[in-house]
Amino acid sequence: MREVAVIGIGHTKFGRWENKTAVELFSEAAQQAMEDAGVEGKEIEALFVGSALGDFGEGQAMIPVHCRANLGLGPIPSTRFEGACASSTVAVRDAWMWVASGAYDLVLVGGTERVLPMGTPLATRTFAMAMHSVYEVPAGLTFPGVFALVARLYSRIYGLPLERLREQMACVSIQNHRHGARNPLAQFYGKYENLKVEEVLNSRMVCDPLTLLDCCPFTDGAAALILCAGERAREYTDTPVYILGTGQGTGGPMALYEEELVKPPSRVFSARMAFKQAGLEPKDIQVLELHDCFTIAEIVALEAMGFFPEGKAGEAVEEGQTEIGGRLPTNMSGGLMGKGHPIGATGASQVCMIVQQLRGEAPKGNQVDPVPERGMVDTMGGAYGTLCHIILGRKG
Amino acid sequence: MRLSSKDYEEGLKKGKLLGLKCLDCGAVTCPPLATCRKCGSSRLEGTELSGRGELMTFTVIRVPPEGMEGPYAVCLVKTEEGPWVMGRLEVPEGAGQEILGRRVRLSGAHVWSDKYSAGERVSPVFSLE
C-alpha cells in the first residue's frame with residue numbers, strides 16, 4: 001500500500017454554536033483545511049464525514065451530501081460514518097485506506113456535530129442509543145453510567161480503594177482541564193486552569209462515583225483534514241504528517257466483557273493492529289490524544305493500549321507521567337474533557353491536534369518540546385463498541 | 001433453539017431469567033444471543049437460570065435520559081450459571097462500594113417504553129439477599 005500524508009487541517013472553535021448548522025460548521029473546518037493544504041475544491045476526489053446524531057440534533061440526516069453541496073465540490077462520492085463517539089476516526093481510517101490503495105490521491109475527511117441543541121435529557125437519551133436497545137437502555141443505563149460501573153469494578157478488581165481511585169481520577173480531570181484552558185479552540189479555553197482535587201470530588205454527583213468534573217461536556221463543533229498520496233504530499237506542503245498505522249476493534253453489550261471491562265479486548269485488539277502496522281511499540285509514542293470521555297476512561301485506555309501496567313495508570317497520571325516532561329504527554333489539547341466532545345467530530349479533532357503537535361504548532365504551554373516525531377490517537381464509540389487508533393509521524 | 005430478546009423479556013415478566021445452554025461447550029448465554037458467548041456455536045437449547053448471583057458493580061443514576069425518572073440504580077450481576085446480566089438494583093440510599101460481592105436475586109421486572117423503544121421493554125430487577 002502507498003504512504004498517505006495529512007497535508008491540511010481545519011478546526012472550528014468547540015463550544016456552543018447557536019447560529020451555525022453542523023453542515024456549516026463542517027464547511028468552515030473543511031475550508032480551513034483546504035486553505036492550509038493549498039488545495040482547491042475541484043481537486044478533492046471523495047468526502048468522508050463522521051456524524052453520529054445529526055438526525056436528532058438538527059433533524060439532518062445525510063450530512064455529507066449537504067456538506068458537499070455547500071462546499072461546491074464535484075458530484076464525488078460522499079459518505080457518512082457512524083460509530084458513535086469514534087465516527088470520524090473511523091472516517092479517517094477508511095479515507096486513509098482509499099488513498100493507500102491507490103484509488104484516490106486527494107480526499108477530504110472530518111466530522112461534525114451539534115449536541116447542545118438537544119439539551120441534557122434528549123442528549124442523554126440519544127447517547128444511550130449506542131448501547132443495546134433491549135439489554136441495556138431499558139434498565140436506564142446512561143453514558144456516565146457505563147463508566148461509573150467501570151470505576152467501581154476497577155477499584156474492586158485491582159484492590160485500589162475507591163477513595164484513592166477517585167483522587168487519581170481527579171488528577172486526570174485537573175490535567176486535561178489545564179490543557180484545555182490554554183487551547184483557544186477548546187470549549188473551556190481560559191477556564192479551569194487550576195482545578196483542585198477537592199473541587200472535582202465535590203462537584204455535583206452525576207452517577208456515583210462520577211461527579212460533573214469527572215465527565216466531558218456536551219459540545220458543538222467540527223474538524224477536517226486533507227489526506228494526500230505520500231508521493232504527492234510535498235507538492236502541497238513542507239510539513240506533511242504521515243499516517244503510519246491504523247487499527248479498529250469492535251465490542252458489544254457491557255455484560256459480555258465481564259472482568260475485561262477494565263481492559264477491553266476491542267481496544268487491545270485495535271491498538272495492537274495499529275502498532276503492528278506502524279512497526280512501533282508503545283514506548284515509541286511521544287504524544288497521545290485519547291478518549292477521556294470520563295476520568296476513569298483515560299486510566300483504562302492508558303492501560304489497555306499498553307502504556308502503563310494494569311491498575312497503575314492512575315498513579316502514573318498523579319505522578320505527572322502524562323504531562324510535558326513525563327513519559328507520555330497525553331491530551332495536550334485538553335482532551336474531550338477540556339476541549340469538548342462534539343461526538344462525530346471528536347476523532348478528526350484528535351488527529352488535527354496530533355498534527356499540530358508534530359508540526360510544532362500547538363498552543364504555548366501545551367506544545368511538547370522538542371517537537372515530537374510520533375503521536376497517536378485513540379477514540380472509543382459506545383461502551384468499547386467501536387475502537388479506532390491512528391498513529392502519525394513526521395517521517396513516512 | 002432460538003430464544004429471542006422478546007422471549008427473554010416475557011420470561012422476566014413471569015419472574016424467570018431465561019437463557020441458552022450450549023450443546024457443544026455447555027456454557028450458558030443470558031440474555032440470549034444467536035450464538036454461544038463462549039465458543040460461538042449456534043447449537044443451543046433453552047434453559048432457565050436460578051436468578052441468583054453476585055453483585056459485581058452498580059451505580060445510582062442521578063441524571064436520567066429523557067423519558068425516565070431518577071434517581072435509580074443500575075447493576076451488573078454475575079449469575080450462578082456464569083454470564084453477567086445488566087439490570088436495575090433495589091438498593092438502600094447511601095449504599096457504596098461495601099455492597100459489591102453481595103449475593104443478589106432476581107426480584108422483579110422493570111417495564112418501560114418511549115417513542116424510540118419499538119414498544120414495551122422489560123429489564124430484570126435484582127435485590128440484595
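**View 1. Chain B, with 40% of its 129 residues counted as buried.** Here "buried" means 20 or more other C-beta atoms, placed from the backbone, within 10 Å of a residue's own. The model is predicted, so local features need pLDDT of at least 70 and side-chain atom pairs count only at pLDDT 80 or more, while totals for chains, interfaces and linings use all residues. Residues are numbered from 1 along each chain as its sequence is written, and chains are lettered from A and ligands numbered from 1 in the order in which they are written.

**View 2. The overall build of chain B.** Along the principal axes, its C-alpha atoms fill a box of roughly 45 × 35 × 25 Å.

**View 3. One helix and eight strands in chain B.** Starting at the N terminus, you'd read them off as α-β-β-β-β-β-β-β-β. These are DSSP runs: H or I of at least four residues for helices, E of at least two for strands.

**View 4. Where chain B meets chain A.** The contact takes 31 residues from chain A and 33 from chain B, with contact meaning C-beta atoms, placed from the backbone, within 7 Å. On the chain B side, the elements giving two or more residues include strand S4 (52-61) and strand S8 (121-128). S4(B) supplies the largest share, six residues.

Technical notes:
Two residues are in contact if their C-beta atoms, placed from the backbone, lie within 7 Å. A residue is buried if 20 or more other C-beta atoms lie within 10 Å of its own, exposed if 12 or fewer, and partly exposed in between; C-beta atoms are placed from the backbone.
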